[in-house]
Amino acid sequence: MIGGAQSRIAAAAGLAAVATLIVAPLFLRRYGLYLVSDWAVMTIAAMGLNLTLGYAGQVSLAQGAFVGVGAYSAAILTTHGWPFAAAMALALAVSFAVGWALGYPALRVRHHYLAFVTLAFSTLAFLVFRNEAWLTGGVEGIDGVPRPSLFGWSMRPPLAYAYFCLAALAFVAAAMAWLIRSPWGRSFLALRENPLRAQSLGVDTRRYTLLAFAIGSALGGAAGALYAPLVGLVEPPAFTLALSLNLLMMVIVGGSGYFLGPFLGALIAVMAPEWLRAWENYYLILYAVLVMGLLVVSPTGILGLIDRYALHRAAAEASAARAALKPSIEGP
Amino acid sequence: MANFVALLIAGLSTGALYALVAVGFTLMWQTSQTINFAQGEFVMLPAFFMLAAMNRGAPYWLALAVGVALSLAILGLAFKRLLVDPMLRHGVLPLAIATMALSSFLKESVKTFYSAEASPFPSPAPSSDLKVLGVAVSWQSLAGLIAALLAVTFLQLGLSRTRIGRQMQAAAQNPTVAQILGLPVERLILYAFLLNAALVALASALVSPIYLAKFSNGETLGQAAFIAAIVGGFNQVRGAVVGGLLLGVVENLGAAYISDAYRDAIPLFVLVVVILFRPNGLVGRAEERTV
Amino acid sequence: MAVLEVSGLSKRFGGVAAVSDVSFAVQEGEILGVIGPNGSGKTTLFNCILGQLRPSAGEVRFDGRVTTGMNPSALNRLGVSRTFQLLQVFPRLSARENLILAGQEHRGGMVSRLAGPRDAGLGGAADELLAFFGLGSLAGTRAGSLSYGQQKLLDAAMAFMSGPRLVLLDEPAGGVNPSMLVTLKERLQAYHAERRATLVIIEHNMDFVMSMCGRVLVLAEGRTLAVGAPAEVRANPKVIEAYLGR
């Protein structure tokens, strides 16, 4: 375990980060606020995927599609005058239900085949978004998605909506932390570490896997419901397989199975275009090289790297402590 | 009826291509648990090696050789040594993500350093059509079909009749036992990667005349190959061939007779149906819950 | 009525019959030993009884109820648990957490496991069981940091946590040093005496088996070779031959 001093440092760093998040938006302009909101939304989607992948060990290639499902659900309702709360509720419900429906038969077969079914769903969802114009506005999508009002306060100004997204993120993070620490979380962990043993202890692996996937998908939907008012226009190209792969990359690069992994991964994904802006045309190439390089060095992501370093330090300290206790050859 | 035949032949032609790409995909999975998301880009790239050679005045066959050689070196050897080997121990997913990044890298590199436009690509076959059963079939797609089928046949024979081929199969099925038996497993895995590099180079030469050489060619082809491999069972080369051919045919017939707007969903629909009812693919073998 | 009844159980892998036509019954409160040379099908037998493998033929009944091919987690919730030959604790969880995990699916429901207390109300029971197995002081330690013998004890404790009626232990003494072995045997016997649990134990350690078990079943090449009291079985010429070869 990390030593006392190290956990104090970690706690201080955490506090500083939260404080920054609360204060920073006041100093940002429109584009900066957009980035912060985008980061918050992507983190929520990535947290959902982290639950499915990092805790339950299932690969989902449809998280982007679920973001789309949530975005369209919210867009359709709010452009017809329904309140945002209803839109969010619908986004959550539909995403959860579809996730459950997709997962149920797939898991009956072989548990890693969920990956393929989600791949199929990803394509299907995109095609439905594009073709079913009567529902989704087809190629043109749905425009003019309104931002919500909270107790009469409109979230339309960028600053207000940025805080709204951050608040949503805080709420989801707290809920996630609760989930992971609950007995459900213990079963999820067992599922990931040793499903065979977990089963022999009475853990209904299929049900828990399904739950992790459905909850993860629901979080994708929630992210979509926040995304729609952020961007204002909901259209098919935003929700292709590329988004799902991007989210997957966020989870892996940040560190799959670590609570803060999605935060870090989303930060990198959202900020990379900005940081690499100096290199203009080459930024995608550079980003790809950086990702490959990171993964070669640390396949468990950035947090995995930090974890390894901390363990290495702890092992070295323990080793040194043991050596100090050994009697010296020279005598007393 | 004539229409059906035309569609069937076109389907087989596309399917043979899918088969070529799916076979390499399956080999890499079997021997080293590598899921190569960049496989489509692997097919896209060699054509550009060849074009670069031709731009410097090389005749077609020399350019082809150059393309294959560069493919072997970069998409085979370098890929394995630089990306796959360091990451193998850490499970399937990190490497899969790395190949996603690789796919992006290759695509963007070609787009940036060569051209964002489609470039015409020569074919050794005449550009006229042949009449088969009263239907016009292009020589090019026929040549492609024949070349692909020949390659796959030789591959099958090579894998089952030669000593190295059988060793590769053994190493793929059970690397631990293979190692105990003294097989040079590491080298055999390298051969699998080199084989893939050769196959994708061939596929590249076959597909580029028809679709033109463009940096985005990899996208649909890669996904189709992936699906073909899974439909075929993901654990046998034979399966990849069957999967590829089947997919090509179903895709073409489906688009014509069912719906064109949902054409892209057809391969995936086939995939889902297959894995739900035959979890180990059409040709694969069953496995059990084990202890 | 027997707690466990196995009739005509067979398991084939391709052309190889790992288990052929094995039948036996275990009465409540019994400790049955299962012995046999390596490869005689003991673990495969367990896997067929407990649902990790589907038998090719035959039937398994628990308390009279047919459970052949039942999903392992459902079977566990009926009151049957096991340990595996290869140590399988959860190294990243603490010893206490391992036990809580072993018990949490047996009480309450999905909702209480989500909204209820983090330890599912089992913290106390877990500590008690840990103390029973002599691991009380290690409750908060990561299971991966425990010694091999301690992990073996934890593994056994996990099997008992849910208060099962029938426990199948696959080589619980494997690789455990002699002093720890004494503790293990003594604790298993104490548990058996206190809770009237029925135990079936696969073991290679003859002293362990002979001193613990009331009856012993001998398997060789997947078939039942003999079944009876330890002394009988020990003296059986066929058994001796199976172990020493021809």
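1. In what order do the four strands of the open sheet in chain C stand? The order is β2-β1-β4-β5, and the pairing between these strands of chain C is antiparallel. This is a predicted model, and the points that follow should be read with that in mind. At the edges of the sheet lie β2 (16-26) and β5 (65-66) of chain C, each of which pairs on one side only. Strand β4 (residues 57-62) of chain C is joined to β5(C) by two bridges, and the two strands run antiparallel; within this pairing, R65(C) in β5(C) is the bridge partner of F62(C).

2. Strand β3 (residues 31-35) of chain C pairs with strand β9 (residues 215-220) of chain C in the parallel sense, over four bridges, and here G33(C) stands opposite V216(C) of β9(C). With strand β10 (residues 223-228) of chain C, by contrast, β9(C) pairs in the antiparallel sense over five bridges, and L217(C) stands opposite V227(C), a residue of β10(C). The strands β9(C) and β10(C) form a hairpin with two residues between them, and in the turn E221(C) has a positive phi of about 50°. As background to any reading of these strands, in a regular strand the side chains alternate between the two faces of the sheet.

3. Taken as a whole, chain C has a secondary structure of 10 helices and 10 strands. Its radius of gyration is 18 Å, close to the 18 Å that the globule rule gives for 246 residues, so chain C is as compact as a globular protein of that length. Along the principal axes, the C-alpha atoms of chain C fill a box of roughly 55 × 40 × 35 Å. Of its 246 residues, 45% count as buried, and among the contacts in chain C with a separation of 6 or more, 65% are accounted for by residues 24 or more positions apart.

4. The C-alpha atoms of chain B fill a box of roughly 55 × 50 × 35 Å, taken along the principal axes. Of the 291 residues of chain B, 51% count as buried, while residues 24 or more positions apart make up 74% of the contacts in chain B with a separation of 6 or more.

5. In general, two packed helices are described by the angle between their axes and the distance between the axes. The axes of helix α6 (residues 163-173) and helix α8 (residues 185-211) of chain B come within 10 Å and cross at roughly 105°; since angles of 65 to 115 degrees count as roughly perpendicular, α6(B) and α8(B) are therefore roughly perpendicular to each other. From α6(B), the residues I164(B), Q167(B), M168(B) and A171(B) meet V185(B), L188(B), I189(B), Y191(B) and A192(B) of α8(B). The residues of this contact of α6(B) with α8(B) divide into eight nonpolar, one polar and no charged.

6. The C-alpha atoms of T176(B) and V272(B), which are 96 residues apart along the chain, are separated by 32 Å.

7. The contact between chains B and A takes 29 residues from chain B and 30 residues from chain A. On the side of chain B that touches chain A, α3 (60-87), α4 (92-113) and α11 (265-277) of chain B each supply at least two residues, and the largest share, 12 residues, comes from α4(B). The residues on this side of chain B divide into 23 nonpolar, four polar and two charged.

8. In chain A, 10 of the 11 residues of helix α8 (residues 183-193) are buried, so this helix is largely enclosed by the rest of the structure. The buried residues of α8(A) include W184(A), R186(A), F188(A) and R192(A). They pack against α2 (30-55), α7 (158-181), α9 (195-200) and α10 (205-231) of chain A, together with α3 (95-104) and α4 (110-115) of chain C.

Key: Residues numbered from 1 in each chain as written. Chains lettered and ligands numbered in written order. Predicted model: local features only at pLDDT ≥ 70, side-chain atom pairs only at ≥ 80, totals over all residues. Rg over C-alpha atoms; globule rule 2.2 N^0.38 Å. Buried ≥ 20, exposed ≤ 12 C-beta atoms within 10 Å, placed from the backbone. Contact = placed C-beta atoms within 7 Å. Nonpolar A, V, L, I, M, F, W, Y, C, P; charged D, E, K, R; others polar. Axes fitted to C-alpha atoms, helices over the stretch in contact; angles between N-to-C directions. Parallel < 35°, antiparallel > 145°, perpendicular 65-115°, else oblique. Pairing = 2+ DSSP bridges.
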